[in-house]
Every structure is written in C-alpha cells, then in structure tokens.
Amino acid sequence: MRMMGMLAVASAVVLSGCGGDDDEVEDLLRAPASLYFHNQLTDFTAPDAASIRVDVITNKASDPLFEDVGYSTDEQSGMNLKLAADTETVDFQVRNADGDMLDRGIALKAGSNYTLVQMGDVSGASSALKLESFLQQTPSIQSSKVGVRFIHAMYQQAGTAFSIGTIPDLQYGKATAYFSDTPNGSSRLEVDVKDANGGSVLATVSCAVQAGKVYDAIITHKGFVDPDMAMFCQQVEGS
C-alpha cells in the first residue's frame, strides 16, 4: 500500500449567538452530535450470538440510543444525540443479556460526528473491553483517491501494534490520522497489516470504497467467533 502524506484538516469554526438570555432558543438551535456505532465484541470462550448483542444507553434518555446491535460488518446508520451545551460529557452504558458490561463518560461536541466502536471479548480481560469515540473529519482529497484513517479494534491482537504503510505503531483502541490512498481496480481499499515489532505481514484486508470519499477503516475480527482479520469501512458523514 502506498500511503500519501498526512492530510491536513481544517478546524471547524463555531459561531456563537448574540446574547445568552434565551436558553430555550439556544438549545433549540444547537445542532446534535451524530454517532455511528460499531459493535466489534467477540465471544471466543462460549460462542453465543446473543451474548454479544448490546444496547447502548445514555444518561440523556431512558430508551437505548442503539438497541439490540449485533456484530458489525458493514456501514452503520447514524443516530443524533441532542446535547445540553456546545460540549457535554455524556455517560454511556453498554448492556448485553447478562447486564451492564461497561460504563464510561465521553465528551461530545454539538454539530460533530463520531465513529463509536465497542471492542473486546465478553469473557475476556476487562482491560481490553473498550468503548471508544473517534471524531470524524473531512480532509480535502483528490477525486481519484480516498481519505482514510485506521482504527485497531481486534481483540485477539490487543497486545500487538499494527504497521500499515507508513504508519508505524497503531495500538489497540487507537486510530491513526487521516491519509490519502488510491483504491484498486475493483473499487476496494486494500492494505497489508503488519506486526509493528518485526514487520511480518499478519493479513491483507480490504473494504469497498468510493473515490473522493473519506472513511474510518476498522481493523477487527471477521466475525464474533472468527479469529481471522477483516477491515470494515464507515464513510464519514459529509464526505
């Protein structure tokens, strides 16, 4: 894979209203945050499709924001979340059939879009059970290329840092910056994922893309009980 230079992303300009007396009007005009949830939970101990199905609940409402979500292998639809301020830390709870799995606060900005990734194993180490948010961005790219950043969400490789193209050290639960690359002749983005310690190729993975668009590429397991590596791409909103 030939990686291009890291893409510069323009900073967003937040416009504030004149006067602050009418809080109701300000709340009404405040744009929601949008979240695209990917469930990459595995169950290698006692494989059960029901065990990895989750609800995602916030402290903003009693009903789940995302309900009964199974293992994610394709693009997901976004859900809007209304915030009480321009920036707010929202409490997220992830629950499966056995009860609460994870509880954490995530700082969100009104009008921003996020890829939200649940990773780990239902019976594995608690330190590998993560819910991570990644602020989506839309860097400028050539019409023949795609913008992409990579997210390491592969539980069985949690202790392995990935090397992808010019990216030397992608840790579990983290994401790279955005880069530009060229799709192959089949309109797929294909990359070799290497062990950053030694450089051996772990797998070659790909996902369908459209030239001129920007993607968050999640490197994870092919399925919730499948140890093989796969890559699932989420198009960034607005690209």
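I began with E88, whose side chain forms a salt bridge with K60, the closest N and O atoms being 3.0 Å apart; by salt bridge I mean a side-chain nitrogen of Lys or Arg within 4 Å of a carboxyl oxygen of Asp or Glu. The two partners come from distant parts of the chain, E88 in strand β5 and K60 in the loop between β2 (54–58) and β3 (66–69), 28 residues apart, where helices (H or I, at least four residues) and strands (E, at least two) are DSSP runs numbered from the N terminus.

I note that this is a predicted model, in which local features need pLDDT of at least 70 and side-chain atom pairs count only at pLDDT 80 or more, while totals for chains, interfaces and linings use all residues. Residues are numbered from 1 along each chain as its sequence is written, and side-chain values use heavy atoms, with hydrogens and water left out.

I then looked up accessibility, taking buried as under 20% relative accessible area, exposed as over 50% and partly exposed as in between (1.4 Å probe, protein chains only). E88 is buried at 15%, whereas K60 is partly exposed at 31%.

I counted six salt bridges by this rule. Among them, R95 pairs with D100 at 2.8 Å between the closest N and O atoms; R95 is partly exposed at 34%, and D100 is exposed at 53%.

Last, I checked for disulfides (cysteine sulfur pairs within 2.5 Å) and found one. It joins C207 to C233, S to S 1.9 Å, and is left-handed, with -55° about the S-S bond. Both C207 and C233 are buried.
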